[in-house]
Amino acid sequence: MDEQLQKLIEEVCLYEEGTPERQKALNKLLMIVQQLPGIKKDGHQDYLEALNKTWEWVCRSIDKFKVNPGDSLQNSLVKWINGYLKWRIKDLYVPDSKYSTLSLDRPISNDEGSKVTQLDILPDSQFQDITLDLLDKKIAEIQKRSRHTWGERISRFIEKDQSRVLRHCCTRVNPECNCQLLAKRLLLVKPSHKIADIAREFNVSSQTLYSHWKKKCLPLLREIGVILRID
Amino acid sequence: MNSTQPNHLQVPLGRDAHQKAEEFAAEQDTPEKGKQVYLNTLAVYAVDNYLKWLNVETALHQSDSWNWSIRTFFDVADLMLPSVGRIECRAVLPWEDALVLPQEVTRERIGYVAVRLKEQLDFVEILGFVPARAIIGQPEIIEINRLQSLDVLIDTINRRKTLVNLCQWLEGVFDRGWQSPELALAGNFRSAATITRQDTESQTNSISRAKVINVGRQIVLLMELTPTNSAVFDIRLRVYPAENTVHLPQDLQLTIFDESGNACMKTQAETANDWIQLEFSCQHEEKFSVELELGETCITEEFVV
């Protein structure tokens, strides 16, 4: 392993920062280094951010890494990485840092005016425990909480098209193939229709339809989206 | 280390990633759309981080996936790389063995990065990359086993960064490796004068430059650029043999791809061809790439008019 690591580190250091050769060598090195046993772990909710910073630092600083006398390269490397990671984790626990954790017993008021502690309102699952399984539930909750149901407004806007701006944006060959119809079929309906099927239905070439959709409708919809968002 | 074990880069998904994903998902109408946006955001976030490690410049805020009005309507997970283009970062769920691309992302992408999510959404694995041109014809599904290594991603990014700017040629600024045809064809049996003379009569305002390219054998790519009265440029590409050989290697292929990676034109050397050529026109600021392929070797040059 030491030999392999040595070779990969030398390869990285051979090339300047930002060159494709260095980037490829870093890829190979990271794939192995990330799997090395002994990389420090921590239960803090921001540990993964600290780890992320550490990998970025490793990529920048690997040129400065030196093997500890009397130690193997692998051990030295893990210690070197942990040396940096340890400080990033320490940062997380420093009060006043952006990562500082609030005391769980700190009393806070909830909407109903009764006193509860931070601990009471902590979600059942910490973010590390968010799993794909729980994601649907979590998203349904945050959407309910959120008032930003802008997409719904846009759907309504497309359906209504009060100013007829979408219906006016039509192909030259067939006015029925307009932005409103395409937006309904391609965006609002699930599963969305295929452009080729719509083309057949209205006797228009799919190429024409595709380029109308891409060049006229999408920019228009984007513009409208932005306007509604600003409203 | 067991070398048969598939090894992938891991990117941690910190709380910042989940906060962003939550913010974007909250804007959506349905849990299904919210989940799609959540996972897309995580995938883009992870690739953005990974590219930062490698010191590749990224621009999240120029990405469609970071633009409310676009992500709400489209299933997009793009990441903009300035002066390179967009890469699409597709989330692959633990039980999936292919990427399914919605039609809105099959255009305007330089390629696709597959990002494997785990049941615990704490780390992702970057599985690999497919350049857009590799999936032409079957753009909807990319099986995991068709993915190429991240080296291909790195090459694609760097090639796009070093694209040859043909407009600058008009001002006499030429990119490295592009020399006057006389120089590049100095070793050719035909004198360079014969090669370029046939064009000079009709097209006096054209600019020709040539580059020696190694596709296993040395060949010379000659690019002739002719400005027209409008914003259109006529382009003629010719390939000649170098190294004092008379004929081009048989089966040498010359292909032109448009910006989205669609093959527009193609020609192939047959037995005893002295040269092959393709002619086409390009708008101002249009990008295209030229691919030369011989056997296993494939060389691409990127251009912008």
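This is a predicted model: local features need pLDDT of at least 70, side-chain atom pairs count only at pLDDT 80 or more; totals for chains, interfaces and linings use all residues.

Colleague: Which residues of helix 2 of chain A are buried, and what do they pack against?

Modeller: Buried means under 20% relative accessible area, exposed means over 50%, and partly exposed lies in between, with a 1.4 Å probe and protein chains only. By that rule the buried residues of helix 2 of chain A include A:Arg22, A:Leu26, A:Leu29, A:Leu30 and A:Val33. Within chain A they pack against helix 1 (2-14), helix 3 (47-61) and helix 4 (73-93), and on the side of chain B against strand 1 (9-12), helix 2 and helix 4.

Colleague: What makes helix 2 of chain A and helix 4 of chain B roughly antiparallel to each other?

Modeller: Two packed helices are described by the angle between their axes and the distance between the axes. The axes are lines fitted to C-alpha atoms, for helices over the stretch in contact, and the angles run from 0 to 180 degrees between N-to-C directions. Angles under 35 degrees count as roughly parallel, over 145 as roughly antiparallel, 65 to 115 as roughly perpendicular and the rest as oblique. Helix 2 (residues 20-33) of chain A and helix 4 (residues 150-161) of chain B pack at about 160°, with 10 Å between their axes, and are therefore roughly antiparallel.

Colleague: Which residues of helix 2 of chain A and helix 4 of chain B meet?

Modeller: Contact means heavy atoms within 4.5 Å. From helix 2 of chain A come A:Pro20, A:Gln23, A:Lys24 and A:Asn27, which meet B:Leu150, B:Asp151, B:Ile154, B:Asp155 and B:Asn158 in helix 4 of chain B. The residues of this contact divide into three nonpolar, three polar and three charged, where Ala, Val, Leu, Ile, Met, Phe, Trp, Tyr, Cys and Pro count as nonpolar, Asp, Glu, Lys and Arg as charged, and the others, Gly among them, as polar.

Colleague: Why does A:Lys138 count as buried?

Modeller: A:Lys138 lies in helix 6 of chain A, and it counts as buried because its relative accessibility is 15%. Leaving out residues up to four places away in sequence, A:Lys138 touches A:Ile130, B:Glu22 and B:Tyr38. Helix 6 (132-145) of chain A is also among the elements that cover the buried residues of helix 1 of chain B, which include B:His18 and B:Phe24.

Colleague: Why does B:Ile126 count as buried?

Modeller: B:Ile126 is placed in strand 6 (residues 123-131) of chain B, and its 1% relative accessibility is why it counts as buried. The C-alpha atom of B:Ile126 is 7.7 Å from that of B:Val47, although the two residues are 79 residues apart along the chain. B:Val47 is one of the residues that B:Ile126 touches, as are B:His8, B:Tyr50 and B:Leu150.

Colleague: Are A:Asp161 and A:Asn203 buried or exposed?

Modeller: A:Asp161, in the loop between helix 7 (150-160) and helix 8 (165-168) of chain A, counts as buried because its relative accessibility is 0%. A:Asn203, in the loop between helix 10 (195-202) and helix 11 (206-230) of chain A, is exposed because its relative accessible area is 73%. Most residues other than glycine have a negative phi. Phi is positive, however, near 45° in A:Asp161 and near 60° in A:Asn203.

Note on methods
Residues are numbered from 1 along each chain as its sequence is written. Chains are lettered from A and ligands numbered from 1 in the order in which they are written. Side-chain values use heavy atoms; hydrogens and water are left out. Helices (H or I, at least four residues) and strands (E, at least two) are DSSP runs, numbered from the N terminus.
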